[in-house]
Amino acid sequence: MTATQEPAAGTHPSVAADQAGRYGVEQPYEYRRAELAEPDWRRFPGWRDVTEAQWRDAQWQRVHCVRNLKQLRTVLGDLVEDRFFDDLAADQRDMATMSMLLPPQMLNTMATQAGTDPREFTDALYADPIRRYMLPVRSDRDPEWPSHPHSERDSLHEAEMWVVEGLTHRYPTKVLAELLSTCPQYCGHCTRMDLVGNSTEQIDKHKLELKPVDRQDQIVDYLKRTPGVRDVVVSGGDVANVPWHQLEAFLMRLLDIETVRDIRLATKALAGLPQHWLQPKVVEGLERVAGTARRRGVNLAIHTHVNHAQSVTPLVAEAARTALEVGVRDVRNQGVLMRGVNDTPASLLDLCFALQGEANILPYYFYMCDMIPNAEHWRLSVAEAQHLQHAIMGYLPGYATPRIVCDVPYVGKRWVHQLAEYDRERGISYWTKNYRTGIELDDPEALERRYPYYDPISTLPEAGRNWWTEHG
């Protein structure tokens, strides 16, 4: 809900009048509580007969994921005109770095207010913020610079920093454990597009080679031998795709390592497939893990990935609260800034209030979209990110005000105001760091070097665009 919308039903008119009288003008953003609502999936022709029991069933959701254009047509029926499907097919052929995989739950959060007129529905689907990153079409992409000249398949060099297969040791005290290379849903902007998901027409994906049990053995062995690591992010892919008994066994092994003090489970499925996290076997298992963590004094958290308020539905809130009720210390959100999705102060604040106020999910980070191929239409400049950070300050509780960060290659996460130098004309910012990654332990200049990061060329002034045309 944005500042231009009418006050919610029941809001006393004197409240708005009192604020206007007190300040003379309206606030840049006016908070209005918006209660969560699950969109009616029966509005889609292919789901008209789906019952609530089926909708809440995780297995039904997985079986009925949309994986290709034919399945999408079956669900949407005559609501969508051919121009959209043609546009989508062109993107799948020419640009997509991620294959199509949409759980019904996530597709149902798109075009929620559209009617049944095919032209109007198609226009609404084109404009929808969740569609923009979960179901990209060819006309979305930047026509001149679809990729930045410095874009890379593994833009953060995570595989370069593997100490064993799937374990990235990038920060001195923290590691990232990639247990698998699949998710319940595939985001178009995935930073791990080099590894995660099925190969596309454009990208032949790399593969994990070890068996899962061998990979986990090597990860645990490394952590036992490296007491300086205290924080483990368990990710992939998405941990929701690890069979629960395997995930629980691995987490219990981590909890047996005395030096591990923080464990974070990374799962977009909390928003894309909340039904998974509401399954009795998962809830009961999570309670066992959380109880062990609590007895050991280990901080257990779930990190999810929500980019727009439309994704925050009652089922998502139920899944988050259930995790908290069984003993998970925190459920936090790590979103990604993207043009046309959440690139205004109102859209960010709407999302943060939906997360914090209605679902008990802490707004934690918003990352700038990484420099992967064909992502320039999503990315914002550092200056735009700085503006957004400034614009959202003061509205949320301090502990629930998200930090907007730039994940700089070979540096790591930095608040967007922490840059050392910024050439606004050419869109090049320079960053420093205060630790060495595992591949720089013998590099005496690692802490003195300035590391570059690049704005989208389309955001630059004419002189900057001309420079990149000549030198790019």
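About 90 Å³ of space lies in the second largest cavity, a cavity being a set of points, on a 1 Å grid over the protein atoms alone, where a 1.4 Å probe fits but cannot get out, and a volume being the space filled by probe spheres set on points joined across faces, edges and corners. Thirteen residues line the second largest cavity, and Gln92, Met98, Met134, Pro136 and Gly188 are the closest to its centre, where lining residues have an atom within 4 Å of a point. The lining of this second largest cavity divides into eight nonpolar, four polar and one charged residue; Ala, Val, Leu, Ile, Met, Phe, Trp, Tyr, Cys and Pro count as nonpolar, Asp, Glu, Lys and Arg as charged, and the others, Gly among them, as polar.

The model is a predicted one, in which local features need pLDDT of at least 70 and side-chain atom pairs count only at pLDDT 80 or more, while totals for chains, interfaces and linings use all residues. Residues are numbered from 1 along each chain as its sequence is written, and side-chain values use heavy atoms, with hydrogens and water left out.

Of the 38 residues that line the largest cavity, Thr191, Arg192, Ser235, Gln334 and Tyr367 lie nearest its centre, and the lining comprises 16 nonpolar, 12 polar and 10 charged residues. Strands E2 (167-171), E3, E4, E5 (262-266), E6 (299-304), E7 and E8 each supply at least two residues of that lining, helices (H or I, at least four residues) and strands (E, at least two) being DSSP runs numbered from the N terminus.

An open sheet of 10 strands runs in the order E1-E2-E3-E4-E5-E6-E7-E8-E9-E10 with mixed pairing, two strands pairing if DSSP finds at least two bridges between them. Its edge strands, E1 (162-164) and E10 (412-415), each pair on one side only. Within the sheet, E3 (residues 174-178) and E4 (residues 231-235) pair in the parallel sense over five bridges, and Lys174 stands opposite Asp231 in E4.

Elsewhere, helix H5 (residues 82-94) and helix H7 (residues 118-127) pack at an angle of about 30°, with their axes 9 Å apart; axes are lines fitted to C-alpha atoms, for helices over the stretch in contact, and angles run from 0 to 180 degrees between N-to-C directions. H5 is therefore roughly parallel to H7, a term for angles under 35 degrees.

Definitions and conventions:
On a 1 Å grid over the protein atoms alone, a cavity is a set of points where a 1.4 Å probe fits but cannot get out, and a pocket is an open set with protein on both sides within 12 Å along at least five of seven lines; lining residues have an atom within 4 Å of a point. Angles under 35 degrees count as roughly parallel, over 145 as roughly antiparallel, 65 to 115 as roughly perpendicular and the rest as oblique.
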